[in-house]
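Here is a short briefing on salt bridges and helix packing. Please look over the sequence and structure first.

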Amino acid sequence: MLNLITDVPGLLVGNAEDARLKSGVTVLVPDAPLRASVAVLGGAPGTRDTTLLEPEFTVDAVDALVLSGGSAFGLDAASGVQMALRAAGRGFAVGPVRVPIVPGAILFDLANGGDKDWGDGNPYGALGRQALGAAARDFPLGSAGAGTGCTTATFKGGLGSASARLSNGATVGALVAVNALGSATMGEGPHFWAAPFEREREFGGLGLPVRADGLDRIRTKFDAVREGANTTIGIVATDLDLTKAELKRLAVMAHDGYARALWPSHTALDGDLVFAASTARVKSAEPMADAIEAGATAAAVMSRAIARAVFAATRAPGDVLPTWAETFAAPAGRGPQP
């Protein structure tokens, strides 16, 4: 177990980023088409091909899922991935033609200090292709891929991932780009809202604070960056055999991970979205009980992934916010201090 979404067998993740843009793309690609659904609870989403993931629609599987920066410009990343998959002979067969199904979601990172003057050529299609080409089981977190230009109310955001095993042996993993209007930390200190779910010091092992000054103060990007520079987008995946309707419920339950790790979340200025996907390789003996356990685990794993994203972010020239790590840095060898 790498504590990544790729602990679900058959899944790979690729990142591509542009330091000048302060933006990037992350692609989840399976070795075979994935059953998938989606739940959107934020008030300002930016998406591609998400309606077909609703349980009542025909398409039952996707060839990749894309998370991208760039606001609406970033939707072109999925087109780049689609074209690369088509060249590889993948996609939904329509007579002699194959059409790769590549839903995507974007976040707003246009006001993060990067140079967005890219002229007439949208860079996100190429970044999508690069991310697909970099797909691997192990991949970097923090300021990478779609997390490159992410911010929260208080610190840089980033790309996060985490995983866990269910009691029946199936695996649940989360992948998330954290660009929230709200904050991932409590009050003025270093403690993460997701602390109760942490495993093996994956985001510092600080636990919960004895006290936290300013804990009741709601921090948003109105305090730091600017209105509109938001959205947390993520994926939960499992090898448990779930129907599209069950995956829809898994996505809804995974949003609890947003609420546990970010305050506030699901606002009118966030496009908060969770894709849910299954490789369907582990059959269930108790379908209802297993689906409920998977949903609860997905929420916990998502909250851990969010904290890991902020914890792993790194400093870059021109940043408009500090990182968690530099803010709470301690003398060499001691690690971050509460």
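The notes below cover the source, the salt bridges and a helix pair.

This is a predicted model, in which local features need pLDDT of at least 70, side-chain atom pairs count only at pLDDT 80 or more, and totals for chains, interfaces and linings use all residues. Residues are numbered from 1 along each chain as its sequence is written, and side-chain values use heavy atoms, without hydrogens and water.

**Salt bridges**
- The structure holds 13 salt bridges (a side-chain nitrogen of Lys or Arg within 4 Å of a carboxyl oxygen of Asp or Glu).
- Arg-35 and Asp-241 pair at 2.9 Å, N to O. They sit 206 residues apart, with Arg-35 in strand 3 and Asp-241 in the loop between strand 11 and helix 3. Helices (H or I, at least four residues) and strands (E, at least two) are DSSP runs, numbered from the N terminus.
- Arg-35, Asp-60, Asp-241 and Lys-283 are linked in a salt-bridge network.
- Lys-156 and Asp-319 pair at 3.0 Å, N to O. Both Lys-156 and Asp-319 are buried (under 20% relative accessible area; exposed is over 50%, partly exposed in between; 1.4 Å probe, protein chains only).

**Helix pair**
- The axes of helix 1 (residues 76-87) and helix 2 (residues 124-133) come within 6 Å and cross at roughly 50°. Axes are lines fitted to C-alpha atoms, for helices over the stretch in contact, and angles run from 0 to 180 degrees between N-to-C directions.
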